[in-house]
Amino acid sequence: MAAGADFTYPAFGYAPPPVGAGGTEACRVAIIGGGPVGLSAALDLARQGIACILLDEEDSVSVGSRAICYAKRTLEIWDRLGVGQRMLAKGVTWRLGKVFHGEQQRYGFDLLPESGHQFPAFINLQQYYAELYLVEAARQQPLIDMRWKHRVTDVVPGNDNTRLTVETPDGDYTLLADYVLAADGARSTIRRKLGLDFKGQVFEDRFLIADVKMKADFPVERWFWFDPPFHSGGSALLHSQPDDVWRIDLQLGWQADPDAERKPERVIPRLKAMLGEDTPFELDWVSIYTFQCRRLERFRHGRVLFIGDSAHQVSPFGARGANSGVQDADNIAWKLAYVLRGEASEALLDTYDTERSAAADENILNSTRSTDFISPKGTMAKALRDAVLDLAADHAFARRLVNSGRLSLPSTYRDTPLSTPDRDAFSAGPPPGAPAVDAPLADGDWLLRRCGAGFTLLSFGAPPDLVPGLQQRIRTVTLPATGLAAERYGAGPGSVYLLRPDQHVAARWHKSSNQDISIAYDRALARAG
């Protein structure tokens with residue numbers, strides 16, 4: 001069974017360490033893991049002018065589609081890194097979903113009912129494509145040194161750096177990194193070597209993922225079934241991917257034997273029951289997974305910072321894994337750059353843990369609720385779940401209770417010390433800690449594309465007269481005080497928003513002074529106190 005029937009897996013090639021076996025090398029940032037999260041972090045650091053070495057024990061992209069569902073926020077981040085449009089062009093765009101109970105559709109939903117957005121609510125794209133596009137972008141960055149078949153086997157934290165032992169086909173060498181970003185996944189070697197463990201819950205249920213190659217006239221929507229006739233007693237999910245590949249998830253139950261259930265002779269009859277005996281298809285990739293909602297207690301351990309699945313795990317329903325991991329990279333890269341450039345103290349790195357731990361808790365809460373709804377424990381819980389599904393056909397209040405996987409939304413950092421609380425009343429717009437909202441501009445450009453790699457001041461109407469010190473540190477983007485952008489930001493003449501480099505709102509005012517902006521800027525760099 002070939003994974004990615006229409007995809008040729010690249011071989012990136014191996015290069016021996018420049019210091020030779022037994023040698024020692026130093027670097028500013030070492031990134032462990034060449035998946036979407038590690039690659040996004042490398043590209044973001046390069047955008048900030050920071051060199052890094054990325055180490056991966058393989059020399060190709062991941063096998064199988066794996067993460068396929070990428071949210072609008074992730075696409076906006078990738079657009080800053082130069083790959084958003086390529087992802088969009090290849091991906092399958094969707095925004096509509098349908099929920100079924102048995103044979104009956106209970107309701108449908110629209111994830112992005114309004115127009116005027118550069119990116120859709122979601123695209124579906126096999127992870128191997130996403131990784132390939134990120135690798136090809138990273139190859140264009142001289143500040144990124146990608147090393148394939150370089151496997152980290154040991155890590156020793158120190159006060160001034162972290163010592164990594166790296167295994168290669170030519171022998172081991174030592175890498176002394178000022179900082180390490182551990183993006184080496186759920187089975188993280190770095191986490192294990194530091195003696196760290198996840199806290200949380202593993203749910204007693206198993207699910208089958210089958211990627212199926214077939215020509216089908218299903219609409220490009222997310223379909224989720226509870227207790228369908230073709231898979232009695234379980235749930236099922238159908239999603240479209242590029243290259244005529246369809247993702248199918250089937251709930252198997254805790255007693256299912258993972259090794260037996262992934263065999264074609266067990267998978268194919270299940271798929272025929274769903275798709276019909278006469279529907280031609282080919283198996284593209286098969287996997288078995290369990291729900292896990294767990295995370296590290298802390299994401300920062302001195303000079304080692306954990307991002308993505310090495311820091312937290314959630315169930316796949318809701319598309320929260322890869323999306324939250326890319327947002328981890330988006331959060332830490334600019335902070336690390338400001339520290340390494342001497343523009344902020346290490347206190348700024350502590351806010352990575354503050355902000356992204358809270359985001360992980362939010363994702364875990366939503367994933368846990370999804371799991372409890374999809375896999376009710378006991379007869380009464382299932383009866384209540386089924387009653388909610390039946391009511392959802394005619395009653396809007398019941399639809400809010402149906403949880404087939406609340407789909408990923410960007411986190412608002414409500415309790416971050418980096419935000420300046422509102423002094424002025426806003427009728428609309430993203431509050432401090434929330435991600436900025438995109439909007440089309442009159443010249444055909446997009447608001448978020450106008451923002452730079454550093455801090456940005458969105459000025460509605462005449463821009464404030466910044467003193468030279470602020471002019472050098474903050475980019476000003478002037479926008480009309482009327483129109484869609486002003487409406488989305490609740491702005492009028494004189495309103496300003498201060499955006500962080502990750503485009504989260506640091507502060508906003510209807511009337512502001514240089515002192516206001518300077519204080520908010522310092523607070524956003526953890527200088528306040």
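The buried residues of helix H7 are Val267, Leu271, Met274 and Leu275; buried means under 20% relative accessible area, exposed over 50% and partly exposed in between, with a 1.4 Å probe and protein chains only. Seen down the axis of H7, these buried residues fall within an arc of 80 degrees, so they line one face of the helix. The arc is that of the directions from the helix axis to the C-beta atoms. This is a predicted model, in which local features need pLDDT of at least 70 and side-chain atom pairs count only at pLDDT 80 or more, while totals for chains, interfaces and linings use all residues. Residues are numbered from 1 along each chain as its sequence is written, and side-chain values use heavy atoms, with hydrogens and water left out.

**Helix H7**

- H7 covers residues 264–275, twelve residues in total, and its first and last C-alpha lie 16 Å apart, close to the 16 Å expected at 1.5 Å a residue. The expected span is 1.5 Å times one less than the number of residues.
- Helices (H or I, at least four residues) and strands (E, at least two) are DSSP runs, numbered from the N terminus.
- The cover over the buried residues of H7 includes strands E12 (199–213), E13 (222–226), E14 (235–241), E15 (245–251) and E16 (282–295), as well as helix H6 (258–261).

**Helix H14**

- In helix H14 (residues 514–524), the buried residues are Asp516, Ile517, Ala520, Tyr521 and Ala524. They cover an arc of only 130 degrees around the axis, which puts them on the same side of H14.
- An α-helix has 3.6 residues a turn, so residues three or four places apart point the same way.
- Ala526 follows H14 and has a positive phi, near 60 degrees.

**Positive phi in loops**

- Lys149 sits in the loop between strand E8 (144–148) and strand E9 (151–157). Its phi is near 60 degrees, a positive value in a residue other than glycine. Lys149 counts as partly exposed, at 33% relative accessibility.
- Asp227 is in the loop between E13 and E14. Although not a glycine, Asp227 has a positive phi of about 55 degrees. At 25% relative accessibility, Asp227 is partly exposed.

**Surface patch**

- A nonpolar patch on the surface is formed by Leu391, Phe397 and Leu401, which together have about 280 Å² of accessible area.
- Patches are made of residues with over 30% relative accessible area and no salt bridge; like charges are joined within 9 Å, and nonpolar side chains (Val, Leu, Ile, Met, Phe, Trp, Tyr) within 5 Å.
- Phe397 belongs to helix H11 (residues 396–399) and is partly exposed, with a relative accessible area of 43%.

- Ser459, in strand E20 (residues 455–460), is buried at 0% relative accessibility.
- Not counting residues up to four places away in sequence, Ser459 touches Pro464, Thr476, Val477, Thr478, Leu479, Ser495 and Val496. Contact means heavy atoms within 4.5 Å.
- Leu96 lies in strand E5 (residues 96–101) and is partly exposed, with a relative accessible area of 35%.
- Leaving aside neighbours within four places in sequence, Leu96 is in contact with Phe109, Asp110, Glu221 and Arg222.
- Leu96 and Ile374 are 278 residues apart in sequence and 20 Å apart in space, C-alpha to C-alpha.

Notes:
Accessible areas come from the Shrake-Rupley method with a 1.4 Å probe; for residues, only the protein chains shown count as cover. A salt bridge is a side-chain nitrogen of Lys or Arg within 4 Å of a carboxyl oxygen of Asp or Glu.
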